[in-house]
Amino acid sequence: MSRRPEGRDGGEVTNLLRAWSDGEADAFEQVLPLVYDELHRMAARYLVGERSSISLQATALVNELCLRLLGWDPIPFQSRGHFFGVSAGMMRHVLVDIARRRRAERRGGPNAVRVPLDGIDVPATEPGADLLAVDAALQLLAREDPRKAQVVELRFFGGLSIEETAEALGISARTVHSDWAFARAWLYRKLSAIHAH
Amino acid sequence: MPTDRWQRVEHLFLEALEQPARARTDFLALTSGPDAALRDEIESLLQAAEDSGPFLSAPALDVFAHQIAREGWSVQPGDRVGSYTVGQRLGAGGMGEVWRARDERLGRDVAIKLLLPHPSDAEERVRAFEREARTAGTLNHTNVLTVYDVGDHEGAPYLVTECLEGQSLRARLATGTLSLDGALDIALQVARGLGAAHARGIVHRDLKPENIFLALDGRVKILDFGLATLHDTASSASPSPDVPGGTTRPLIAGTAGYMAPEQVRGEAVDPRADIFALGAVLYEMLTGGRAFKGDGTLGTLDAVLTRQPPDVAEVSRDVPPALSQIVRRCLAKSPDDRFAIVGDLVSALDAVLRERHLPPPPSLGALLRRPVVMVTVMLVILAIAAGTWRWRMATSRARWARTVAAPEIQRLSNHGDYVEAFLLARQALDLLPDDRHLYQLWLDTSIPAVVTSDPPGADVAVASYHTRTSSWFPLGRTPLNGVRIPRSLFRVRISKDGFQTIEGSGRPPALRYGLDPVNAVPSGMVRVVGDSDPIRAGLVGVPDDYWLDRFEVTNRQFKEFVDQGGYRQRDHWREPFVEGGRSVPWEEAVGRFRDASGRPGPATWKSGTYADGQAEFPVGGVSWYEAAAYAAFAGKALPTIHHWYRAAGLGRFMDILWVSNFDGKGPAPVGRYDGLGPFGTYDMAGNVKEWCSTETSHRRFLVGGAWNEPMDMFADYDAKDAFERAPGYGFRLAKYSRPLPPAVSAPVRMEALVRDARKQKPVGDDIFEVYRRQYAYDRAPLNTVVEATEETETWRRDTVAFDAAYGGERMRAHLFLPRNASPPYQTVVLFPAGDAFRVSSSRELSLRWVDFIIRSGRALLYPVYKGTYERATFEHIGPFAGRELRIAWSRDLGRAIDYVETRSDIDPTRLALYGLSDGPGTAVILTALEPRLKTLVLQGAGIGEPVAPEIDTLNYAPRVRIPTLMLNGRYDYETPFEASQRPLFVLLGSPPENKRHVVLEFGHAMVVDAAAREIIPWFDRYLGPVVRAPR
């Protein structure tokens, strides 16, 4: 996925990002491979570092990415909502990708429980911690009800609040609330069933 | 587009959620009608909603980050990276992770910093990083983290460095401010490290508190040189100007406030950028706040570029103007306005330090109690000071340290004035951080410890134990992890605003305190921190904290009980009166408790009251029953023996005895004597003995000793009939938060408390032969490697490694050769004290107890035995592991002697074994098995705890036939004289004219001078006099 085409100059990304901000949805697909590596590395830095208890929003990460790429000129996204949606989607891609690679690399298979030398048992993953399973279940949900899947993507992968999610999707906060309640129950049920096997 | 059915399910689900839980089933029955599948679907969703708990409530990024924090990012424990085996993850940051690992070739622990994988187009940067890392690797400076190796692991570059214990400056700053001297010390060490790097053309580029490490031994190390080059990321997509020096866009994530303006702007960067960063760090150390702080990263960068931080002297009042000026200069926006080279900064900081310490600060005078010494030292200092105004200041400071401070530290330490030695060593080391000799003295007088309080954030200060004093030396603020404290008994004060200040006696290695708000402490009581480990053999642990009276109950307090009719009210007298197996009626029993004129009261009173002027004396002449009745009256309880001893202050250092009332003259007002206990109690030792609630064979324990008894009685158990009254019998009270478990309040058998070795017999020779054979080993080649050599004025040390006699292991030994004698040397082999099992590296071994041996012209062989220092084992030590350990020790000793036999500068016919602080008498076992030893010196040994017979000292003592000197402290409660020391001496198989038992006036720990006075003449006699080196 991460192609680094030779010979392209920096202007390409800038143009695509501007197109993005102007509402061209396709631009997202095109620019993603170009910034992917960078986002991957940034995500890795956040994931690995010992941070304070302030949780990081995906939006902050993407914001920073844009700043870096565009040389400190923040691009004005068409709307905050648009920006939120884009960030959450990118974050999902990156995290799922990282999770997939880690699973492939780790010894002992996907659900192995390893005991670190300090003797503390690592519990088998609880449903929410298995990002790949959540992603797969989310794709299934999207086939039934795309809006609910988007709500989950925005809230879980994007870290957005109910209000921000409402803004991103152009719906009411109450609707987001209901969608979220239903989607959580549905996903939980789906994942528990998988887990039970 | 969701189907109709889907929408129906959703709709019903949401409506059902709005019903009260009980009503849901009915609601569903009603609304889903005959569609059972629909109903089941919704019910299962409702169930899922109920079970889901925190599912998805934390964002994916956080969840993932936690998982990675648990599992590690780049490697897992047990992986091989190069020739290193990965162990535990030590930490992680934006650049990558740091793991502890084992270098299998050299058998040492290292730290591996694994960086995040580099982008494929960054080959050039990676190569530049490796080049720089290799250069840093050749940088051998005490203030730069030693780099051993650099490599690549599956696309992730890594750096192998020494493994340090301590904390980053960032972590240190988070726990509280630094002292001015502390900040100066750190800044100077960092500056020196930078200087060494700059001289090699390396610029750090990312200096910040996270990259400055404060090691436990007081050295400051700079980490991560040159790593900034690797992370100046710029994707090829960005329009970055091509800049010489390789810096493009700077890394964000926290570094922003320390980067020089030219770095922020992306211009060329030279060593002066590091000076700026150091200025920012120094600013933060002095003021507690950052120099450049703005709204987010951009705001901070803007501040760096455009804003001038307020003067340090304005923010923090005790900063000298010269220092403020230095900081301002470091933080000049233009590099040309800063110090041109780090060396200039070092000189400037030095000058500030000299201003503060010449003439030496008044506290030095306060430390030296004895007037004669004080005068002498002051004269010397004045003499130096007088002559120095024209000298190069650095020289005079070094001279002071060498000619005055170092010998004085040694003298104080040998004389037993440990806290004074500690404080002086700290001062001297602050001035001369690189002095090897001072550093060793520092190790000898201190030990790393952990001080915690609940709640944290309390100020900790230490002072000399022997007198109540007002000159406290601050250590920092809790939690303190790895702070060095005096290696002996001292006075410690814990204080925090709003909470009751605690003052108690402290001893290493772990001090834990529970703080209470000022008005939450019961009047006259102190909090004793519980522990589930018993404080002595035979007692049980008391896990809960409890209150204990600070002082013994006084006459005045007891009078309240009497005046309020205490002797008439049956309510208070809850304990059954039993004598000789028969029950005594209440009236008869209480009728016995009368004073000298027949009125109800303590035996020491007359006419219903105490003698004039004795209100604050401890009440004496009371029976156990009266003490218990008073306890009921006061709403408290008599302490159990376990509670009493927990709080008493028993330890290796029995200094409390010398400042307690054993004067034989009579009781003293409570608190008059200085004998402070660990939790703030007074007079636990001496004054009056104290009744405990614990029963033993129909008597009750009476502990602590009284004024009219010998000092032994503090630690020795005593118990008397509950009716008995004597002038020295008194008590103090405790208060518990909940009822005591049966194990704690149960009676205790006296026999369970102390092993009486007098009653046991060693095994016969045929059985002993079986034991002996366990220890044998084959004399395989040693494969010796001399790892390091080091010299001071007193000795030359060879650190060697050779094959151990088991398990394919390697072991290490340190051989100290005296410089004041001629080879071949007599050699004393050491078996160390408990600190060897608690300190993690033999580079930090203490020489306090063997320095005098080396100075007497003898070599000192210090093997690193299994279980000590870097060979620490973490296996559970049960009876079988204990046996394996002793077998290992015996073989380690054998190997170490095998090694010195190969050296021509060692005389193998003159070897001695010195067992230091050897409670269980291990050295006796080793000697019985090692025929090459000529004499044995035991310090603090006795027949120890009962253990398996094949490792019981009792069985080996008769097989020791060589001349043996036993040194013991009379007040050693763990190795008591009658029951433990003397039996060992008697059992030793050496001819009577060749063994000697010297009992000194100490506890388990004695003072070096006193021991040296016995040991050196012993060696002169049994190893022979030393041939001094020709001058």
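**Salt bridges and helices in a predicted model**

Let's start with one pair: Glu408(B) and Arg411(B) join their side chains in a salt bridge, N to O at 3.0 Å. A salt bridge here is a side-chain nitrogen of Lys or Arg within 4 Å of a carboxyl oxygen of Asp or Glu. Before going further, note that this is a predicted model, where local features need pLDDT of at least 70, side-chain atom pairs count only at pLDDT 80 or more, and totals for chains, interfaces and linings use all residues. Residues are numbered from 1 along each chain as its sequence is written, chains are lettered from A and ligands numbered from 1 in the order in which they are written, and side-chain values use heavy atoms, with hydrogens and water left out.

Back to our pair. Both Glu408(B) and Arg411(B) sit in helix 17 of chain B (residues 393-415), 3 residues apart, or about one turn of the helix. Helices (H or I, at least four residues) and strands (E, at least two) are DSSP runs, numbered from the N terminus. An α-helix has 3.6 residues a turn, so residues three or four places apart point the same way. Glu408(B) is buried, at 9% relative accessible area, while Arg411(B) is partly exposed at 30%. Buried means under 20% relative accessible area, exposed over 50%, and partly exposed in between (1.4 Å probe, protein chains only).

Now for a pair that reaches across the sequence. The side chains of Asp544(B) and Arg738(B) meet in a salt bridge at 2.9 Å, N to O. Asp544(B) lies in the loop between strand 17 (525-528) and strand 18 (546-549) of chain B, and Arg738(B) in the loop between strand 25 (734-735) and helix 24 (742-745) of chain B, so the pair ties together parts that are 194 residues apart in sequence. Asp544(B) is partly exposed at 31%, and Arg738(B) is exposed at 53%.

Lys689(B) has a partner too: Asp718(B), with their closest N and O atoms 2.6 Å apart in a salt bridge. Lys689(B) belongs to strand 21 (residues 689-696) of chain B, and Asp718(B) to the loop between strand 22 (699-703) and strand 23 (719-720) of chain B, so this pair links parts 29 residues apart in sequence. Lys689(B) is buried, with a relative accessible area of 2%, and Asp718(B) is buried as well, at 13%.

Some of these links form a group. Arg779(B), Arg895(B), Asp898(B), Glu901(B), Glu930(B) and Arg932(B) are connected in a network of salt bridges. Over all chains, the structure holds 69 salt bridges.

What about chain B as a whole? Chain B has 31 helices and 34 strands, and 59% of its 1031 residues count as buried. Take helix 7 of chain B (residues 180-199): 18 of its 20 residues are buried, so this helix is largely enclosed by the rest of the structure.

Finally, a stop in chain A. Glu164(A) lies in helix 7 of chain A (residues 162-169) and is buried, with a relative accessible area of 17%. The side chain of Glu164(A) reaches the backbone nitrogen of Ser161(A) at 2.9 Å.

Methods
A polar contact is a pair of N or O atoms within 3.5 Å; within protein, one must be able to donate a hydrogen and the other to accept it, and residues adjacent in sequence count only if both atoms are side-chain atoms.
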